[in-house]
Amino acid sequence: MPPLFVKVNELDNVGIIVAADGALSGAQDASGLRVVERIPQSHKLALKRIEPGEPIVRYGQTIGLANRDIAAGAWVREEYLELPSAPALDEMPLATAVPAPLPRLEGFTFDGFVNSDGSVGTRNILGIVTTVQCVAPTVEYAARRMKAELLPRFSNVDDVVAITHGYGCGVAINAPGAAIPISTLKHIGMHANFAGEPLIVSLGCEKLQPARLFASSLPMLAEGNVIRLQDERGFAASVGAIMDAAEKRLAQLNRRRREPVPAAQLSVGLQCGGSDAFSGVTCNPAVGFAADLLVRAGASVFFSEVTEVRDAVHLLTPRAVNRTVARKLLAEMQWYDEYLAGGGADRSANPTPGNKRGGLANIVEKALGSIAKAGTTAILDAASQGQKVTTKGLVFAATPASDFICGTQQLASMNMHVFTTGEGSPYGLSLVPVVKVSSRTALAEKWHDLIDVDAGRIATGEATIEQVGWELFRFMLQVASGRKTWAEHWGLGNALVPFNPGPVT
(Lines give C-alpha, C1' and ligand atoms only; values in the text may rest on other atoms or scores of the structure.)
Protein backbone atom coordinates (compact mmCIF):
# COMPACT_ATOMS: atom_id res chain seq x y z
CA MET A 1 0.00 0.00 0.00
CA PRO A 2 1.46 3.41 -0.93
CA PRO A 3 2.45 5.66 1.96
CA LEU A 4 0.02 8.39 2.99
CA PHE A 5 2.66 11.08 2.58
CA VAL A 6 6.35 11.60 1.82
CA LYS A 7 8.87 13.93 3.39
CA VAL A 8 12.41 14.63 2.30
CA ASN A 9 14.22 15.59 5.50
CA GLU A 10 13.90 14.47 9.10
CA LEU A 11 13.53 18.12 10.13
CA ASP A 12 10.41 18.59 8.00
CA ASN A 13 7.16 19.33 9.84
CA VAL A 14 5.05 18.91 6.68
CA GLY A 15 4.64 15.97 4.30
CA ILE A 16 3.28 15.70 0.74
CA ILE A 17 0.14 13.63 0.13
CA VAL A 18 0.91 10.71 -2.21
CA ALA A 19 -2.40 9.17 -3.30
CA ALA A 20 -3.72 10.36 -6.68
CA ASP A 21 -7.16 10.93 -5.14
CA GLY A 22 -5.71 12.76 -2.15
CA ALA A 23 -6.20 11.92 1.52
CA LEU A 24 -9.68 11.75 3.03
CA SER A 25 -10.53 13.12 6.44
CA GLY A 26 -9.92 10.36 8.98
CA ALA A 27 -7.19 8.65 6.98
CA GLN A 28 -4.43 7.43 9.27
CA ASP A 29 -0.71 6.92 8.76
CA ALA A 30 1.22 3.99 10.20
CA SER A 31 2.67 6.39 12.76
CA GLY A 32 -0.83 7.14 14.06
CA LEU A 33 -1.13 10.60 12.47
CA ARG A 34 -4.75 11.19 11.46
CA VAL A 35 -5.82 13.50 8.62
CA VAL A 36 -8.40 16.01 9.90
CA GLU A 37 -9.68 17.28 6.52
CA ARG A 38 -9.54 16.19 2.89
CA ILE A 39 -6.16 17.11 1.34
CA PRO A 40 -5.49 16.92 -2.44
CA GLN A 41 -2.56 14.97 -3.85
CA SER A 42 0.80 16.80 -3.69
CA HIS A 43 -0.42 19.29 -1.09
CA LYS A 44 1.08 19.65 2.36
CA LEU A 45 0.00 17.82 5.51
CA ALA A 46 0.99 19.15 8.95
CA LEU A 47 2.93 16.37 10.70
CA LYS A 48 2.63 18.14 14.06
CA ARG A 49 0.88 21.14 15.48
CA ILE A 50 2.43 24.33 14.10
CA GLU A 51 1.94 27.49 16.12
CA PRO A 52 1.67 31.04 14.74
CA GLY A 53 5.10 32.42 13.85
CA GLU A 54 6.68 28.95 13.81
CA PRO A 55 8.71 27.96 10.71
CA ILE A 56 7.08 25.60 8.23
CA VAL A 57 9.90 23.30 7.21
CA ARG A 58 10.33 21.29 4.00
CA TYR A 59 13.60 19.94 2.54
CA GLY A 60 15.01 20.76 5.98
CA GLN A 61 14.60 24.47 5.16
CA THR A 62 12.10 27.11 6.23
CA ILE A 63 9.65 27.66 3.37
CA GLY A 64 7.44 30.07 5.34
CA LEU A 65 6.21 31.20 8.72
CA ALA A 66 2.82 30.07 9.95
CA ASN A 67 0.38 32.96 10.27
CA ARG A 68 -2.12 30.96 12.34
CA ASP A 69 -2.38 27.85 14.46
CA ILE A 70 -2.25 24.72 12.28
CA ALA A 71 -3.43 21.43 13.77
CA ALA A 72 -1.55 18.17 13.26
CA GLY A 73 -3.13 16.39 10.28
CA ALA A 74 -4.41 19.62 8.73
CA TRP A 75 -3.95 20.87 5.18
CA VAL A 76 -1.17 23.47 5.17
CA ARG A 77 -2.61 25.80 2.57
CA GLU A 78 -0.79 28.51 0.64
CA GLU A 79 -2.50 31.28 2.59
CA TYR A 80 -1.23 29.85 5.89
CA LEU A 81 2.38 30.78 5.03
CA GLU A 82 4.09 34.14 5.22
CA LEU A 83 6.90 34.43 2.65
CA PRO A 84 10.28 34.68 4.39
CA SER A 85 12.93 37.14 3.26
CA ALA A 86 15.25 36.01 0.49
CA PRO A 87 18.72 34.90 1.66
CA ALA A 88 21.02 37.92 1.86
CA LEU A 89 23.57 37.72 -0.95
CA ASP A 90 26.31 39.42 1.05
CA GLU A 91 26.12 36.77 3.76
CA MET A 92 26.56 33.67 1.59
CA PRO A 93 29.13 30.97 2.36
CA LEU A 94 31.55 30.82 -0.57
CA ALA A 95 33.12 27.48 -1.56
CA THR A 96 32.96 26.24 2.03
CA ALA A 97 31.71 22.72 1.29
CA VAL A 98 33.15 21.75 -2.10
CA PRO A 99 32.17 18.14 -2.83
CA ALA A 100 34.99 15.71 -3.51
CA PRO A 101 35.04 14.38 -7.09
CA LEU A 102 32.97 11.24 -7.60
CA PRO A 103 34.57 8.13 -9.14
CA ARG A 104 35.02 8.39 -12.88
CA LEU A 105 32.39 6.53 -14.93
CA GLU A 106 34.07 4.74 -17.82
CA GLY A 107 32.85 2.87 -20.89
CA PHE A 108 29.61 4.71 -21.70
CA THR A 109 29.22 5.90 -25.30
CA PHE A 110 26.62 7.05 -27.80
CA ASP A 111 26.54 7.20 -31.59
CA GLY A 112 26.82 10.83 -32.65
CA PHE A 113 27.76 13.02 -35.60
CA VAL A 114 31.33 14.29 -35.21
CA ASN A 115 31.84 17.81 -36.56
CA SER A 116 34.98 19.38 -37.97
CA ASP A 117 35.38 21.60 -34.90
CA GLY A 118 35.33 18.58 -32.58
CA SER A 119 31.78 19.10 -31.35
CA VAL A 120 29.31 16.25 -31.61
CA GLY A 121 25.72 16.39 -32.78
CA THR A 122 22.94 14.17 -31.52
CA ARG A 123 20.93 15.00 -34.65
CA ASN A 124 21.83 15.79 -38.27
CA ILE A 125 19.88 18.93 -39.19
CA LEU A 126 20.03 21.51 -41.94
CA GLY A 127 19.95 24.83 -40.11
CA ILE A 128 18.91 28.12 -41.67
CA VAL A 129 19.82 31.21 -39.67
CA THR A 130 18.11 34.54 -40.28
CA THR A 131 19.75 37.86 -39.45
CA VAL A 132 16.55 39.91 -39.30
CA GLN A 133 12.83 39.43 -38.68
CA CYS A 134 11.92 40.77 -42.14
CA VAL A 135 13.04 37.55 -43.86
CA ALA A 136 11.24 35.16 -41.50
CA PRO A 137 8.07 34.57 -43.57
CA THR A 138 10.07 33.90 -46.73
CA VAL A 139 12.46 31.52 -44.95
CA GLU A 140 9.63 29.68 -43.23
CA TYR A 141 7.87 29.29 -46.58
CA ALA A 142 11.07 27.90 -48.11
CA ALA A 143 11.60 25.56 -45.16
CA ARG A 144 8.12 24.08 -45.59
CA ARG A 145 8.90 23.40 -49.23
CA MET A 146 12.26 21.85 -48.32
CA LYS A 147 10.60 19.43 -45.95
CA ALA A 148 8.01 18.45 -48.53
CA GLU A 149 10.13 18.42 -51.71
CA LEU A 150 13.79 17.92 -50.73
CA LEU A 151 14.11 16.23 -47.36
CA PRO A 152 12.52 12.89 -48.44
CA ARG A 153 15.45 12.42 -50.85
CA PHE A 154 18.04 12.67 -48.07
CA SER A 155 17.25 9.90 -45.61
CA ASN A 156 20.25 10.53 -43.36
CA VAL A 157 19.18 14.10 -42.57
CA ASP A 158 16.79 14.39 -39.64
CA ASP A 159 15.17 17.74 -40.27
CA VAL A 160 15.28 21.25 -41.69
CA VAL A 161 15.05 23.98 -39.04
CA ALA A 162 14.76 27.71 -39.72
CA ILE A 163 15.90 29.93 -36.83
CA THR A 164 13.68 33.01 -36.83
CA HIS A 165 13.42 35.86 -34.35
CA GLY A 166 12.18 39.43 -33.89
CA TYR A 167 15.55 41.15 -33.95
CA GLY A 168 18.15 42.64 -36.27
CA CYS A 169 16.51 45.58 -38.05
CA GLY A 170 16.63 49.08 -36.56
CA VAL A 171 17.99 47.96 -33.22
CA ALA A 172 20.47 49.85 -31.07
CA ILE A 173 23.04 47.26 -31.90
CA ASN A 174 25.77 48.64 -29.62
CA ALA A 175 23.45 49.31 -26.67
CA PRO A 176 24.12 47.74 -23.27
CA GLY A 177 22.71 44.23 -23.27
CA ALA A 178 22.65 43.92 -27.07
CA ALA A 179 25.46 41.39 -26.90
CA ILE A 180 23.11 38.87 -25.30
CA PRO A 181 20.72 38.35 -28.23
CA ILE A 182 23.53 38.60 -30.76
CA SER A 183 25.77 36.05 -29.06
CA THR A 184 22.80 33.76 -28.35
CA LEU A 185 21.80 33.79 -32.01
CA LYS A 186 25.39 33.20 -33.11
CA HIS A 187 25.87 30.20 -30.81
CA ILE A 188 22.54 28.70 -31.85
CA GLY A 189 23.46 29.26 -35.50
CA MET A 190 26.66 27.28 -35.04
CA HIS A 191 24.90 24.51 -33.15
CA ALA A 192 26.50 21.06 -33.15
CA ASN A 193 23.28 19.58 -34.58
CA PHE A 194 23.72 21.90 -37.60
CA ALA A 195 27.26 20.51 -38.03
CA GLY A 196 28.32 24.05 -37.14
CA GLU A 197 27.57 25.11 -40.74
CA PRO A 198 24.15 26.68 -41.28
CA LEU A 199 22.86 28.56 -44.26
CA ILE A 200 22.40 32.28 -43.57
CA VAL A 201 19.55 34.32 -44.98
CA SER A 202 19.89 38.11 -44.83
CA LEU A 203 17.67 40.85 -46.18
CA GLY A 204 20.61 43.15 -46.97
CA CYS A 205 19.85 46.43 -45.20
CA GLU A 206 19.56 45.27 -41.57
CA LYS A 207 21.90 46.38 -38.80
CA LEU A 208 22.66 42.80 -37.80
CA GLN A 209 24.67 41.96 -40.90
CA PRO A 210 25.98 38.39 -41.31
CA ALA A 211 29.53 39.65 -40.72
CA ARG A 212 28.42 41.19 -37.43
CA LEU A 213 26.62 38.05 -36.33
CA PHE A 214 29.44 35.64 -37.18
CA ALA A 215 32.39 38.00 -36.72
CA SER A 216 34.72 35.39 -35.28
CA SER A 217 33.64 32.71 -37.77
CA LEU A 218 34.30 34.31 -41.14
CA PRO A 219 34.27 30.97 -43.05
CA MET A 220 30.54 31.04 -42.38
CA LEU A 221 30.32 33.92 -44.83
CA ALA A 222 31.84 32.04 -47.76
CA GLU A 223 30.07 32.06 -51.11
CA GLY A 224 27.05 29.77 -51.08
CA ASN A 225 26.46 30.08 -47.35
CA VAL A 226 24.75 33.50 -47.42
CA ILE A 227 21.62 34.40 -49.39
CA ARG A 228 20.73 38.12 -49.49
CA LEU A 229 17.13 38.55 -50.56
CA GLN A 230 17.63 42.11 -51.82
CA ASP A 231 20.07 40.68 -54.40
CA GLU A 232 17.32 38.46 -55.87
CA ARG A 233 14.70 39.31 -58.48
CA GLY A 234 11.43 38.83 -56.63
CA PHE A 235 9.88 36.36 -54.21
CA ALA A 236 10.08 33.26 -56.41
CA ALA A 237 13.75 33.93 -57.15
CA SER A 238 14.45 34.49 -53.45
CA VAL A 239 12.84 31.19 -52.50
CA GLY A 240 14.62 29.49 -55.40
CA ALA A 241 18.01 30.75 -54.21
CA ILE A 242 17.35 29.42 -50.70
CA MET A 243 16.15 26.08 -52.08
CA ASP A 244 19.18 25.69 -54.36
CA ALA A 245 21.61 26.37 -51.51
CA ALA A 246 19.66 24.01 -49.25
CA GLU A 247 19.77 21.16 -51.76
CA LYS A 248 23.56 21.37 -51.98
CA ARG A 249 23.88 21.48 -48.21
CA LEU A 250 21.47 18.56 -47.75
CA ALA A 251 23.62 16.46 -50.09
CA GLN A 252 26.65 17.17 -47.89
CA LEU A 253 24.80 16.41 -44.65
CA ASN A 254 23.39 13.21 -46.09
CA ARG A 255 26.90 11.74 -46.39
CA ARG A 256 27.44 12.04 -42.63
CA ARG A 257 27.17 8.92 -40.48
CA ARG A 258 26.92 8.34 -36.76
CA GLU A 259 29.97 6.95 -34.99
CA PRO A 260 30.65 5.87 -31.39
CA VAL A 261 31.84 8.69 -29.13
CA PRO A 262 32.32 8.90 -25.35
CA ALA A 263 29.41 10.05 -23.20
CA ALA A 264 31.70 12.99 -22.34
CA GLN A 265 30.57 14.54 -25.66
CA LEU A 266 27.11 15.15 -24.26
CA SER A 267 26.17 18.69 -23.27
CA VAL A 268 22.87 18.52 -21.41
CA GLY A 269 20.59 21.36 -20.34
CA LEU A 270 18.21 20.78 -17.42
CA GLN A 271 14.91 22.59 -16.93
CA CYS A 272 11.64 22.47 -14.96
CA GLY A 273 8.24 23.35 -16.40
CA GLY A 274 4.79 23.09 -14.84
CA SER A 275 6.38 22.04 -11.55
CA ASP A 276 4.45 20.69 -8.58
CA ALA A 277 5.25 19.72 -5.00
CA PHE A 278 6.44 16.28 -6.16
CA SER A 279 9.03 17.77 -8.52
CA GLY A 280 11.54 18.17 -5.69
CA VAL A 281 10.81 14.65 -4.40
CA THR A 282 10.83 12.53 -7.56
CA CYS A 283 11.77 13.84 -11.02
CA ASN A 284 14.24 16.55 -10.01
CA PRO A 285 16.25 14.34 -7.61
CA ALA A 286 16.28 11.58 -10.26
CA VAL A 287 17.55 14.09 -12.83
CA GLY A 288 20.09 15.24 -10.23
CA PHE A 289 21.33 11.67 -9.87
CA ALA A 290 21.58 11.37 -13.67
CA ALA A 291 23.43 14.71 -13.70
CA ASP A 292 25.98 13.22 -11.30
CA LEU A 293 26.39 10.27 -13.67
CA LEU A 294 26.93 12.64 -16.60
CA VAL A 295 29.56 14.55 -14.64
CA ARG A 296 31.26 11.29 -13.71
CA ALA A 297 31.30 10.34 -17.41
CA GLY A 298 33.02 13.64 -18.28
CA ALA A 299 30.01 15.37 -19.85
CA SER A 300 28.88 18.96 -19.50
CA VAL A 301 25.58 19.43 -17.66
CA PHE A 302 24.02 22.72 -16.69
CA PHE A 303 21.04 23.91 -14.72
CA SER A 304 19.51 27.35 -15.14
CA GLU A 305 16.52 29.53 -14.25
CA VAL A 306 17.78 32.44 -12.14
CA THR A 307 14.25 33.09 -10.90
CA GLU A 308 13.99 29.64 -9.38
CA VAL A 309 17.51 29.42 -7.99
CA ARG A 310 17.57 32.76 -6.16
CA ASP A 311 15.78 31.56 -3.00
CA ALA A 312 17.96 28.46 -2.69
CA VAL A 313 21.30 29.94 -3.73
CA HIS A 314 22.61 29.69 -0.16
CA LEU A 315 22.68 25.91 -0.67
CA LEU A 316 24.66 26.24 -3.90
CA THR A 317 27.44 28.75 -3.15
CA PRO A 318 29.11 26.37 -0.65
CA ARG A 319 29.35 23.82 -3.53
CA ALA A 320 31.16 26.23 -5.89
CA VAL A 321 34.59 24.89 -6.73
CA ASN A 322 36.17 28.16 -5.62
CA ARG A 323 35.23 31.62 -4.40
CA THR A 324 35.49 33.09 -7.91
CA VAL A 325 32.79 30.75 -9.23
CA ALA A 326 30.66 31.40 -6.14
CA ARG A 327 30.86 35.14 -6.76
CA LYS A 328 29.93 34.66 -10.43
CA LEU A 329 26.86 32.75 -9.30
CA LEU A 330 25.95 35.49 -6.85
CA ALA A 331 26.41 38.15 -9.53
CA GLU A 332 23.59 36.55 -11.53
CA MET A 333 21.36 36.60 -8.44
CA GLN A 334 22.26 40.25 -7.77
CA TRP A 335 21.35 41.10 -11.36
CA TYR A 336 17.94 39.53 -10.77
CA ASP A 337 17.37 41.44 -7.52
CA GLU A 338 18.17 44.69 -9.31
CA TYR A 339 15.96 43.71 -12.24
CA LEU A 340 13.00 43.19 -9.91
CA ALA A 341 13.67 46.40 -8.02
CA GLY A 342 14.01 48.41 -11.23
CA GLY A 343 10.67 47.13 -12.51
CA GLY A 344 8.85 47.50 -9.21
CA ALA A 345 8.16 43.74 -9.27
CA ASP A 346 8.23 41.22 -6.46
CA ARG A 347 9.53 37.66 -6.32
CA SER A 348 6.19 36.61 -4.79
CA ALA A 349 4.70 36.73 -8.32
CA ASN A 350 6.21 33.26 -8.70
CA PRO A 351 4.91 30.50 -8.52
CA THR A 352 2.22 30.29 -11.19
CA PRO A 353 -1.42 29.30 -10.64
CA GLY A 354 -0.61 25.83 -12.01
CA ASN A 355 2.33 25.44 -9.61
CA LYS A 356 0.01 26.33 -6.73
CA ARG A 357 -2.60 23.86 -7.93
CA GLY A 358 0.18 21.27 -7.75
CA GLY A 359 0.91 22.12 -4.12
CA LEU A 360 3.71 24.70 -4.34
CA ALA A 361 2.94 27.46 -1.86
CA ASN A 362 5.61 30.00 -2.74
CA ILE A 363 8.88 30.65 -4.56
CA VAL A 364 11.00 29.36 -1.66
CA GLU A 365 9.40 25.92 -1.82
CA LYS A 366 9.64 25.98 -5.62
CA ALA A 367 13.32 26.94 -5.59
CA LEU A 368 14.28 24.26 -3.09
CA GLY A 369 12.71 21.62 -5.32
CA SER A 370 14.17 23.10 -8.49
CA ILE A 371 17.81 22.92 -7.44
CA ALA A 372 17.53 19.17 -6.85
CA LYS A 373 18.22 18.86 -10.60
CA ALA A 374 21.77 20.03 -9.89
CA GLY A 375 22.70 16.79 -8.16
CA THR A 376 25.54 16.72 -5.66
CA THR A 377 28.78 17.54 -7.48
CA ALA A 378 30.85 20.73 -7.33
CA ILE A 379 29.69 23.68 -9.41
CA LEU A 380 32.62 24.32 -11.73
CA ASP A 381 31.47 27.53 -13.43
CA ALA A 382 28.67 30.05 -13.80
CA ALA A 383 27.84 31.42 -17.25
CA SER A 384 25.96 34.65 -17.92
CA GLN A 385 23.07 34.97 -20.36
CA GLY A 386 24.23 34.61 -23.94
CA GLN A 387 27.45 32.80 -23.05
CA LYS A 388 28.23 29.34 -24.38
CA VAL A 389 29.01 26.72 -21.76
CA THR A 390 32.27 24.95 -22.60
CA THR A 391 33.23 23.65 -19.15
CA LYS A 392 32.96 19.92 -18.55
CA GLY A 393 31.11 19.06 -15.36
CA LEU A 394 28.31 20.88 -13.55
CA VAL A 395 27.69 24.53 -14.50
CA PHE A 396 25.07 27.13 -13.67
CA ALA A 397 23.96 28.83 -16.90
CA ALA A 398 21.93 31.96 -16.20
CA THR A 399 18.58 32.12 -18.01
CA PRO A 400 15.06 33.28 -17.24
CA ALA A 401 12.68 30.62 -15.93
CA SER A 402 10.10 30.92 -18.72
CA ASP A 403 10.23 27.49 -20.36
CA PHE A 404 10.78 28.41 -23.96
CA ILE A 405 13.12 31.33 -23.26
CA CYS A 406 15.23 29.19 -20.90
CA GLY A 407 15.38 26.33 -23.39
CA THR A 408 16.30 28.64 -26.24
CA GLN A 409 19.16 30.22 -24.31
CA GLN A 410 20.39 26.76 -23.31
CA LEU A 411 20.49 25.88 -27.03
CA ALA A 412 23.61 28.00 -27.25
CA SER A 413 25.39 25.14 -25.49
CA MET A 414 23.44 21.87 -25.35
CA ASN A 415 22.95 18.92 -27.66
CA MET A 416 20.27 17.37 -25.42
CA HIS A 417 17.56 18.74 -23.15
CA VAL A 418 15.93 17.18 -20.06
CA PHE A 419 12.61 18.72 -19.04
CA THR A 420 10.85 17.80 -15.79
CA THR A 421 7.17 18.49 -15.21
CA GLY A 422 4.50 17.87 -12.62
CA GLU A 423 1.46 19.48 -14.21
CA GLY A 424 2.46 18.66 -17.80
CA SER A 425 3.57 20.64 -20.85
CA PRO A 426 3.65 19.82 -24.60
CA TYR A 427 6.91 21.80 -24.77
CA GLY A 428 9.53 20.88 -27.35
CA LEU A 429 12.57 22.30 -29.13
CA SER A 430 13.35 21.83 -32.81
CA LEU A 431 17.14 21.70 -32.54
CA VAL A 432 17.66 19.06 -29.87
CA PRO A 433 15.81 16.04 -28.48
CA VAL A 434 13.80 16.91 -25.36
CA VAL A 435 13.47 14.12 -22.78
CA LYS A 436 10.43 14.65 -20.56
CA VAL A 437 10.34 13.31 -17.02
CA SER A 438 7.12 13.36 -14.97
CA SER A 439 6.97 13.95 -11.24
CA ARG A 440 3.81 11.84 -10.82
CA THR A 441 2.74 8.49 -12.25
CA ALA A 442 -0.77 9.91 -12.73
CA LEU A 443 0.64 12.42 -15.22
CA ALA A 444 2.71 9.75 -17.00
CA GLU A 445 -0.44 7.64 -17.41
CA LYS A 446 -2.59 10.58 -18.47
CA TRP A 447 0.04 11.84 -20.94
CA HIS A 448 1.33 8.43 -21.94
CA ASP A 449 2.34 9.68 -25.37
CA LEU A 450 4.21 12.76 -24.14
CA ILE A 451 6.18 11.60 -21.07
CA ASP A 452 9.38 9.62 -21.69
CA VAL A 453 10.32 8.67 -18.11
CA ASP A 454 7.99 8.32 -15.13
CA ALA A 455 9.67 9.36 -11.88
CA GLY A 456 6.44 9.20 -9.90
CA ARG A 457 7.30 5.62 -8.95
CA ILE A 458 9.74 7.10 -6.44
CA ALA A 459 6.92 8.60 -4.34
CA THR A 460 5.01 5.32 -4.17
CA GLY A 461 8.11 3.29 -3.31
CA GLU A 462 8.07 1.29 -6.56
CA ALA A 463 11.50 2.64 -7.53
CA THR A 464 14.35 4.56 -5.95
CA ILE A 465 15.91 7.84 -7.03
CA GLU A 466 19.00 5.91 -8.03
CA GLN A 467 17.05 3.42 -10.17
CA VAL A 468 15.17 6.12 -12.06
CA GLY A 469 18.38 8.15 -12.39
CA TRP A 470 20.19 5.25 -14.03
CA GLU A 471 17.16 4.58 -16.27
CA LEU A 472 17.18 8.20 -17.37
CA PHE A 473 20.94 8.19 -17.99
CA ARG A 474 20.73 5.11 -20.22
CA PHE A 475 17.69 6.50 -22.01
CA MET A 476 19.60 9.72 -22.74
CA LEU A 477 22.41 7.72 -24.37
CA GLN A 478 19.86 5.93 -26.54
CA VAL A 479 18.24 9.23 -27.52
CA ALA A 480 21.64 10.76 -28.27
CA SER A 481 22.20 7.80 -30.60
CA GLY A 482 19.02 8.51 -32.56
CA ARG A 483 16.09 7.13 -30.59
CA LYS A 484 13.20 9.58 -30.82
CA THR A 485 11.58 11.13 -27.76
CA TRP A 486 7.82 11.58 -27.68
CA ALA A 487 8.23 15.29 -28.43
CA GLU A 488 10.19 14.38 -31.56
CA HIS A 489 7.68 11.70 -32.51
CA TRP A 490 4.93 14.31 -32.67
CA GLY A 491 7.16 16.99 -34.19
CA LEU A 492 6.77 19.25 -31.16
CA GLY A 493 9.27 22.04 -31.27
CA ASN A 494 9.76 25.66 -32.07
CA ALA A 495 12.70 27.42 -33.66
CA LEU A 496 11.65 30.98 -32.87
CA VAL A 497 14.28 32.70 -30.71
CA PRO A 498 12.35 34.82 -28.16
CA PHE A 499 14.71 37.56 -27.06
CA ASN A 500 13.94 38.68 -23.52
CA PRO A 501 15.83 41.32 -21.53
CA GLY A 502 16.06 39.10 -18.47
CA PRO A 503 14.26 36.78 -16.09
CA VAL A 504 10.52 37.05 -15.74
CA THR A 505 8.69 36.40 -12.50
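A disulfide here is a pair of cysteine sulfur atoms within 2.5 Å. By that rule, this structure has zero disulfides.

Before the details, the ground rules. This is a predicted model: local features need pLDDT of at least 70, side-chain atom pairs count only at pLDDT 80 or more, and totals for chains, interfaces and linings use all residues. Residues are numbered from 1 along each chain as its sequence is written, and side-chain values use heavy atoms, leaving out hydrogens and water.

Back to the cysteines. Cys-134 is partly exposed at 39% relative accessible area; the scale is buried under 20%, exposed over 50%, partly exposed in between, with a 1.4 Å probe and protein chains only. Cys-169 is partly exposed too, at 33%.

Next, the interior. A nonpolar core is a set of buried Ala, Val, Leu, Ile, Met, Phe, Trp, Tyr and Cys residues joined through side-chain atoms within 4.5 Å. The largest has 75 residues, and Leu-472 and Val-437 are among those with the most contacts inside it. Helix 12, residues 465-480, gives the largest share, eight residues. Helices (H or I, at least four residues) and strands (E, at least two) are DSSP runs numbered from the N terminus. Beyond its neighbours within four places in sequence, Leu-472 is in contact (heavy atoms within 4.5 Å) with residues including Ala-286, Val-418 and Val-453. A second, separate core has 33 residues, Tyr-167 and Leu-213 among them.

Five strands form an open parallel sheet, in the order 13-12-10-11-22. Strands pair if DSSP finds at least two bridges between them. Strand 13 (226-228) and strand 22 (496-497) are the edges. Strand 12, residues 199-202, pairs with strand 13 over three bridges. There, Ile-200 stands opposite Val-226.

Last, aromatics. Rings of Phe, Tyr and Trp (its six-membered ring) pair if their centres lie within 6.5 Å; planes under 30 degrees apart are stacked, over 60 edge-to-face, the rest tilted. The structure holds eight such pairs. Phe-108 and Trp-470 have centres 6.0 Å apart and planes at 40 degrees, so this pair is tilted. Phe-108 lies in the loop between strands 7 and 8 and Trp-470 in helix 12, so the pair ties together parts 362 residues apart in sequence. Trp-335 and Tyr-339 are stacked, 5.2 Å centre to centre, with 15 degrees between planes. Both lie in helix 6, about one turn apart.
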